[in-house]
Amino acid sequence: MCHACLNGNKLMAKTTFTVEYKECIIVIKNVPCLECEICGEITFTDAVSEKLELLVNAAKKIMQDIAVIDYCKVA
């Protein structure tokens, strides 16, 4: 059940995760998520959250202006 609207079921989907870091943007596309079928609220599993944190930290080390990472190719 969705914790935002308290009505919808969560369905497996993919989303784009974006982080602003200093004056740069990190974009991670094709991230597996759970999306509410009613309100669209996005949540991540613990495993995906941990992987996102690793990817963002790695991207911070090599930052330029924009970094785009495909989750499916590096996870």
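**A tour from the hairpin to the core**

Select strand 1 and strand 2 first: they pair in the antiparallel sense over eleven bridges. The model is predicted, with a mean pLDDT of 90 for the chain and 96% of its residues at 70 or more.

Stay on this pair and look at the connection. The two strands form a hairpin with two residues between them. Pick Lys 22 in the turn, where phi is positive, about 55°. Then go to Lys 10, which stands opposite Cys 36 in strand 2.

Next, select Ala 4, in the segment before strand 1 (10-21). Show its contacts: beyond residues up to four places away in sequence, Ala 4 touches Cys 39 and Glu 41.

Now move to the largest nonpolar core, which has 14 residues. Select Ile 26, Ile 28, Val 31, Leu 52, Met 63, Ile 69 and Tyr 71, the residues that touch the most other members. Strand 2 (24-36), helix 1 (46-61) and strand 4 each give two or more residues to this core. Helix 1 supplies the largest share, five residues.

Within that set, centre on Ile 69. Leaving aside neighbours within four places in sequence, its contacts are Ile 26, Val 27, Ile 28, Lys 29, Leu 55, Ala 59 and Val 74.

Finally, colour by pLDDT. Where pLDDT is low, predicted coordinates should not be read in detail.

Definitions and conventions
Residues numbered from 1 in each chain as written. Predicted model: local features only at pLDDT ≥ 70, side-chain atom pairs only at ≥ 80, totals over all residues. Heavy atoms only, no water. pLDDT = per-residue confidence, 0-100. Core = buried A, V, L, I, M, F, W, Y, C linked by side-chain atoms within 4.5 Å. Buried < 20%, exposed > 50% of the residue type's maximum accessible area, 1.4 Å probe, protein only. Helix = DSSP H or I, 4+ residues; strand = E, 2+ residues; numbered from the N terminus. Contact = heavy atoms within 4.5 Å. Pairing = 2+ DSSP bridges.
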